There are 4 protein chains.
Amino acid sequence: MIRFESDYAEGAHPRILEKLILTNEEQTPGYGVDIYCDRARQLIKNLCQKDDCDVHFLVGGTQTNLIVISSILRPYQGVISAISGHINTHETGAIEATGHKVLAVESEDGKITAAQVKAVCDQHHQDAGRVHKVQPGMVYISQPTEYGTLYSLEELTNLSRVCKEYHLPLFVDGARLGYGMVSQINDVWMSDLANLCDVFYIGGTKIGALFGEAVVISNDAYKQGFRYNIKQRGGLLAKGRLLGLQFETLFEDNLYFEMSLHAVKLSMQLRQAFTEKGFELLYDSYTNQQFPILPNDVLEKLSKKYSFTYWKAIDELHSAVRLCTSWATKEEYVEQLVADIKAL
Amino acid sequence: MIRFESDYAEGAHPRILEKLILTNEEQTPGYGVDIYCDRARQLIKNLCQKDDCDVHFLVGGTQTNLIVISSILRPYQGVISAISGHINTHETGAIEATGHKVLAVESEDGKITAAQVKAVCDQHHQDAGRVHKVQPGMVYISQPTEYGTLYSLEELTNLSRVCKEYHLPLFVDGARLGYGMVSQINDVWMSDLANLCDVFYIGGTKIGALFGEAVVISNDAYKQGFRYNIKQRGGLLAKGRLLGLQFETLFEDNLYFEMSLHAVKLSMQLRQAFTEKGFELLYDSYTNQQFPILPNDVLEKLSKKYSFTYWKAIDELHSAVRLCTSWATKEEYVEQLVADIKAL
Amino acid sequence: MIRFESDYAEGAHPRILEKLILTNEEQTPGYGVDIYCDRARQLIKNLCQKDDCDVHFLVGGTQTNLIVISSILRPYQGVISAISGHINTHETGAIEATGHKVLAVESEDGKITAAQVKAVCDQHHQDAGRVHKVQPGMVYISQPTEYGTLYSLEELTNLSRVCKEYHLPLFVDGARLGYGMVSQINDVWMSDLANLCDVFYIGGTKIGALFGEAVVISNDAYKQGFRYNIKQRGGLLAKGRLLGLQFETLFEDNLYFEMSLHAVKLSMQLRQAFTEKGFELLYDSYTNQQFPILPNDVLEKLSKKYSFTYWKAIDELHSAVRLCTSWATKEEYVEQLVADIKAL
Amino acid sequence: MIRFESDYAEGAHPRILEKLILTNEEQTPGYGVDIYCDRARQLIKNLCQKDDCDVHFLVGGTQTNLIVISSILRPYQGVISAISGHINTHETGAIEATGHKVLAVESEDGKITAAQVKAVCDQHHQDAGRVHKVQPGMVYISQPTEYGTLYSLEELTNLSRVCKEYHLPLFVDGARLGYGMVSQINDVWMSDLANLCDVFYIGGTKIGALFGEAVVISNDAYKQGFRYNIKQRGGLLAKGRLLGLQFETLFEDNLYFEMSLHAVKLSMQLRQAFTEKGFELLYDSYTNQQFPILPNDVLEKLSKKYSFTYWKAIDELHSAVRLCTSWATKEEYVEQLVADIKAL
């Protein structure tokens with residue numbers, strides 16, 4: 001079985017394992033105050049072209065989302081998210097478990113617009129009975145989105161402007177950030193995120209690390225006490241250096257972007273193969289995820305050799321599936337699948 | 001600087017890194033349903049001599065404590081713990097953040113007794129105004145305790161009996177379980193824990209793993225929905241196999257106990273050195289932690305070469321410190337320190 | 001200004017105030033264990049034709065909803081509700097503040113169907129990745145709904161059957177229960193609720209009491225510890241007898257239903273006036289709330305003399321408003337408004 | 001049975017009932033924005049000699065404590081309280097249910113000192129591992145305390161100074177505030193509380209109201225969004241005017257203080273009777289609660305005619321009990337009890 005079902009099916013990039021071995025016997029203080037974390041933090045600040053941000057390392061995405069969001073909101077506030085946002089669909093109510101409602105707004109492509117955010121806020125603040133409603137307290141978006149789509153710099157700038165206008169912190173979930181940054185249609189760089197958002201994170205788990213997400217806090221207002229929050233939610237890794245040395249490896253030689261590029265190139269080959277064969281795509285993704293709509297008999301046939309994520313039924317005869325490529329996807333696997341698509 | 005401040009200063013046992021490398025390119029499904037997790041689960045069930053328990057793998061201790069405890073208690077219940085229990089002192093209110101009070105009971109040696117648990121319950125249930133009080137809902141203990149002490153089989157059996165009598169689940173935090181099991185004074189084995197407790201966990205982070213804790217749920221009543229809880233609290237590792245293959249390595253050849261024994265032997269050498277030199281020990285530990293009471297000038301002198309955890313001031317001239325040995329502690333480091341103690 | 005904006009604009013039925021005065025100097029124990037609460041409990045059990053239910057008295061509706069729901073759900077579970085349900089729209093995230101997601105399902109008329117509940121559950125339980133989703137844990141409906149509509153006995157029976165099939169407790173918010181029971185189209189009685197639901201409540205605040213909601217727990221599984229939950233959430237009234245004597249007054253002579261009937265008769269007069277004048281109704285309500293769609297200039301004109309709740313814009317020229325009648329609505333007020341509608 | 005067990009055994013002062021009757025048919029907007037609430041707010045601001053404070057009306061004490069505290073603390077912070085504080089002992093973990101630990105400090109007399117608060121803060125902030133601990137985030141005290149004792153103006157001023165120094169908001173639970181203010185040893189007035197505290201509340205439930213507590217927020221930092229918090233926790237009374245008109249009645253003619261004085265005079269008669277008879281008092285109370293230590297046979301004898309709150313066993317032969325007087329306590333009841341004590 002060749003797995004295209006996720007971008008976390010393998011271990012880590014060999015250079016990360018090498019670094020683990022090389023440093024294994026060193027003694028360091030725990031909880032992320034070691035030299036590897038320090039170095040990784042500086043590399044990330046450099047990438048952001050911003051030295052006055054705080055960088056924290058966490059283990060996974062749901063953990064990161066719940067810690068960031070609960071650290072920012074007042075008790076009566078909720079977080080605006082696309083209805084398809086990871087926090088609204090795939091985190092078992094992790095945000096609600098910290099006491100906050102996800103204020104889901106409609107989205108066809110996984111993105112939300114500045115106008116939508118403005119509308120939610122206006123509706124709330126113009127409502128005479130607003131104390132009976134959850135107050136919008138921040139905005140959560142994913143870059144790339146759960147559908148593989150990307151915010152353009154213009155869209156992100158507009159969102160950021162509306163957020164500032166309504167005093168809403170903007171938080172970007174970058175679980176697959178690298179796969180977005182190397183996309184041929186991307187024009188949002190790390191420094192843009194650092195400038196336009198209050199908090200964002202750079203995903204490691206899905207891009208070459210064993211695990212790990214790097215949270216970047218640009219806005220001073222949300223820096224205070226963040227490590228307490230990490231500890232309280234069970235996110236403070238004892239051997240914190242494991243996170244530091246992974247992110248050091250990812251960013252000291254552009255490995256993060258090289259791996260991302262590898263995945264996205266292969267994803268574009270899959271995209272081309274599906275469209276050339278006449279299959280429609282559910283979402284218009286130029287990143288590492290593709291969502292072809294396949295006849296069910298085709299799907300059944302391909303599923304004997306390849307694993308996908310079943311996405312949803314389109315009609316009685318067709319289904320959409322998700323295929324992920326990753327830093328670890330072998331070119332020959334993609335070639336095989338492309339050939340099998342052509343041969344259908 | 002030679003570090004005795006914690007038992008998580010180094011990476012992992014080389015065999016774990018080897019296994020990581022060996023399996024790195026394999027594709028597995030995520031979230032702990034892979035073959036490595038399955039094998040590790042079976043090894044642990046074998047150790048417990050109990051096949052009908054559930055085994056889950058989590059990343060860290062605070063995470064484990066908050067997930068287990070919040071998965072068991074009803075909203076109005078609290079957890080009985082020694083005042084020195086990790087959940088009461090070193091987890092930034094992680095339990096309270098899930099909505100539950102820690103019902104702390106006095107303890108000199110880090111342990112609580114069956115009689116204390118009985119007293120708390122009797123006091124509650126005999127109180128006419130008990131609905132105004134937090135209802136005792138479960139019991140949390142650590143084996144070994146935060147002070148390095150150990151429950152004997154008799155003590156644990158008594159606790160277990162009282163817990164059953166009052167319908168209180170008993171949960172054992174085994175963050176350092178191996179270091180307890182190999183102690184010369186220990187008579188509590190894995191199968192005893194599986195029989196006498198409702199839930200316990202086997203710590204990996206402090207005993208040779210990069211990270212990881214294995215939760216064993218013996219009581220059927222607490223099995224249902226546990227994976228939902230893990231996910232909701234941000235504890236479901238995407239590359240779950242990393243946990244499985246670590247615990248497989250720890251338990252397939254008794255590596256876990258070999259490493260534990262190494263640490264405890266070295267700890268006993270330190271104990272002997274301190275006592276022979278006439279220093280008192282704050283707690284009577286036969287596990288991998290020692291708590292000597294040192295004159296402040298001695299402490300200052302030793303601190304130039306060795307790092308300890310400052311524990312507390314005893315009087316104006318003396319302080320207690322904590323020294324941990326671990327699976328990774330080098331014998332020559334202990335020899336050096338022993339020599340330096342003798343030479344004082 | 002004549003107020004039709006809510007059904008809680010006045011104080012309480014005079015007989016309730018009389019009882020307050022009559023009993024004012026009596027000394028009773030606190031917290032709801034007095035003789036008045038006992039009598040009121042028995043009256044409600046009699047109405048339910050069910051002696052083995054528990055009856056608790058709470059102060060308000062949001063308080064009741066959050067206490068009941070958080071007392072039932074496991075941490076990873078959510079509550080299914082119509083998208084228009086009070087808990088989803090008008091309680092400032094009270095349910096989320098206790099840690100639980102509201103699983104909102106579409107609804108045009110304020111009701112949800114057995115088929116919808118079944119669909120949510122089937123979708124969840126057939127999902128291989130369900131531990132990443134909030135598990136449906138109970139069902140919340142309102143009788144009458146927030147739109148003034150009513151579940152028929154057949155609809156409620158179907159809902160109840162599906163709930164039992166999926167082990168989902170069914171909870172009915174009866175904040176306006178009396179106004180539903182006396183409706184000409186109603187066929188659901190108190191004993192039906194006691195039989196078909198696990199928990200429901202009988203609203204007092206909106207039907208003649210100063211304040212107060214009576215929670216009826218039919219299912220033994222949810223009785224245990226309920227008073228602890230009330231206390232913990234700040235809902236245990238010190239002078240609990242105030243609740244008991246109000247509900248005793250409401251139910252000892254059918255006052256509750258008399259008052260409800262008064263309100264609904266007046267509401268039907270308003271309904272008739274609007275429809276005869278050719279105005280459409282947004283929802284088809286036979287209870288104490290009417291939702292006419294009015295031209296904005298008509299609305300402006302009427303608003304000089306009467307207060308309504310603005311509901312929503314229908315188009316640029318029309319808006320829907322809500323009018324409530326209550327136990328306290330004066331007949332001459334309704335006559336005036338009817339005349340003013342006719343004269344438009 | 002003559003009840004001395006609590007100060008909430010009766011209804012309300014007759015003038016409050018009169019006002020209820022007088023206003024019963026008036027229509028007002030809901031949720032505390034009516035004319036009665038406005039007037040009551042102004043009366044309280046006048047008493048505080050401070051016009052720029054916010055005044056909110058809530059139903060009960062536990063509700064008030066949990067709303068105020070959860071509205072102020074960041075997630076990782078706890079609230080410092082005397083170990084005997086109501087929030088630590090008699091609220092079923094209401095504070096923990098909002099996610100926060102109560103940081104209990106020792107107290108013999110129900111009070112905590114500025115030095116204790118300073119010590120807790122210093123210990124925390126000097127701790128290198130402080131992110132593993134709950135951060136002290138505010139201070140909770142009761143005036144009078146649960147033991148009937150009072151903070152002097154000097155003690156309160158010192159506490160306030162330390163709180164300001166450590167940026168800790170100071171919150172005063174005044175459930176029995178009136179009974180403290182009229183005490184012969186009191187030198188803390190309403191304006192002192194408004195100046196020295198960030199938030200305090202004036203209890204109505206125990207002093208002549210049917211129910212109700214008036215929260216005064218002096219510090220601008222804690223004003224924002226407070227009504228949202230009230231609603232979210234189920235504390236926003238639909239017929240909010242019931243609270244307004246009660247507090248208007250309490251404060252428009254000094255009724256609050258007259259009633260308090262009545263209770264405290266009677267309490268001092270009881271105090272004198274017990275001490276003259278040679279019984280010791282567990283706490284030195286000059287307010288409306290007395291805590292005599294009685295031989296068990298005396299207690300048994302008195303208990304046939306009078307109800308007390310059993311407080312605790314002192315030794316095998318003696319117990320302490322609590323007696324409360326209130327605004328409603330009849331003089332002849334106290335005379336009878338005094339006579340019975342003398343006759344022992």
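Analyst: A polar contact is a pair of N or O atoms within 3.5 Å; within protein, one atom must be able to donate a hydrogen and the other to accept it, and residues adjacent in sequence count only if both atoms are side-chain atoms. The model is predicted, so local features need pLDDT of at least 70 and side-chain atom pairs pLDDT 80 or more, while totals for chains, interfaces and linings use all residues. Residues are numbered from 1 along each chain as written, chains are lettered from A and ligands numbered from 1 in written order, and side-chain values use heavy atoms, without hydrogens or water.

Start with chain C against chain A. Across this interface, 10 residue pairs are in polar contact, both residues at pLDDT 80 or more. Helix 4 (86-89) and helix 5 (94-97) of chain C are the elements that each give two or more residues to the side touching chain A. Helices (H or I, at least four residues) and strands (E, at least two) are DSSP runs, numbered from the N terminus. That side of chain C has five nonpolar, eight polar and four charged residues. Here Ala, Val, Leu, Ile, Met, Phe, Trp, Tyr, Cys and Pro are nonpolar, Asp, Glu, Lys and Arg are charged, and the others, Gly among them, are polar.

In contact terms (heavy atoms within 4.5 Å), 17 residues of chain C touch 17 residues of chain A. About 1300 Å² is buried between chain C and chain A, with 50% of it on carbon and sulfur atoms. Three residues, C:Thr92, C:Glu96 and C:Lys101, supply 41% of what chain C buries there, more than any other three. Buried area is the accessible area (1.4 Å probe) lost when two parts are put together, summed over both.

Now the charges. Two salt bridges cross the interface of chain C and chain A. The rule asks for a side-chain nitrogen of Lys or Arg within 4 Å of a carboxyl oxygen of Asp or Glu. A:Lys101 pairs in this way with C:Glu96, their closest N and O atoms 2.7 Å apart.

Next, chain B against chain A. Here 48 residues of chain B are in contact with 48 of chain A. They bury about 4100 Å², and carbon and sulfur atoms give 54% of that. B:Tyr8, B:Gln27 and B:Lys239 supply 18% of the area on the chain B side, more than any other three residues.

Two salt bridges cross the interface of chain B and chain A as well. A:Glu25 forms a salt bridge with B:Lys330, with the closest N and O atoms 3.0 Å apart. Polar contacts between chain B and chain A come to 26 residue pairs, both residues at pLDDT 80 or more. Several elements of chain B supply at least two residues each, including strand 1 (2-3), helix 3 (61-72) and helix 10 (226-232). Helix 1 of chain B gives the most, with four residues. By class, the chain B side has 24 nonpolar, 13 polar and 11 charged residues.

Salt bridges also occur within a chain. The total over all chains is 64. B:Arg39 forms one with B:Glu248, the closest N and O atoms being 3.0 Å apart. This pair links distant parts of chain B: B:Arg39 is in helix 2 (residues 35-48), B:Glu248 is in helix 11 (residues 241-252), and they are 209 residues apart.
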